[in-house]
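Hello,

Here is the structure I said I would pass on. Please have it open while you read the notes below.

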Amino acid sequence: MEFFTIILEKSSSRQVLPDNFAKMLDGHRPQNMKLRQAGNGLRKLWDVEVVFDTDGSMYLDRGWKQFVRAYDLRHGYFHVFRYDGNATFAVKVFDTTMCRRRYQDDDDASMLCLFFLSISLCLTPI
């Protein structure tokens, strides 16, 4: 399964995950997930605690802030999460130019850009 998120707050200590992803887990509530920056193989895995609120919303909590710091994630950055089914996400990071960020440890040297033609994004916090 793949989904995207956008950092809407300047400093976020946790990341909400889509309700449909939580539903896909079919009642299983993992306590931890592993994150890796897509393109770096399995060289660096980040352990991140998973928490659920009373409404059943799922968040990446303790460990998320360290991932954000390590990859210099900022307000307006777009992330594509790909879940591998083994409590691991590969995360692709796109910056405010809508181009994929490249990091020193990337295996894939090609430059990927997202082009949004005639699309207006409305980023309104709930």
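A residue is called buried here if its relative accessible area is under 20%. In this predicted model, buried residues make up 37% of the 126 residues in the protein. The accessible surface of the protein is about 8100 Å², and carbon and sulfur atoms account for 51% of that area.

Next, the layout. The protein contains two helices and seven strands. Read from the N terminus, the order of elements is β-β-α-β-β-β-α-β-β. If you take the contacts between residues at least 6 apart in sequence, 53% of them join residues at least 24 apart.

The rest of this note is about strand S6. Why is S6 described as largely enclosed by the rest of the structure? The strand covers residues 78-83, and five of its six residues are buried, so the rest of the structure largely encloses it.

S6 pairs with two strands that can be found in the view. Strand S1 (residues 2-6) runs antiparallel to S6, and five bridges join them. Within this pairing, glutamate 2 has arginine 82 of S6 as its bridge partner.

Strand S7 (residues 88-94) also pairs with S6 in the antiparallel sense, over six bridges. Here phenylalanine 78 stands opposite phenylalanine 94 of S7. S6 and S7 form a hairpin with four residues between the strands, and in this hairpin glycine 85 takes a positive phi near 90°.

One point to keep in mind as you look at the strands: in a regular strand, side chains alternate between the two faces of the sheet.

Regards

Key:
Residues are numbered from 1 along each chain as its sequence is written. This is a predicted model: local features need pLDDT of at least 70, side-chain atom pairs count only at pLDDT 80 or more; totals for chains, interfaces and linings use all residues. Side-chain values use heavy atoms; hydrogens and water are left out. Buried means under 20% relative accessible area, exposed over 50%, partly exposed in between (1.4 Å probe, protein chains only). Contact means heavy atoms within 4.5 Å. Accessible areas come from the Shrake-Rupley method with a 1.4 Å probe; for residues, only the protein chains shown count as cover. Two strands pair if DSSP finds at least two bridges between them.
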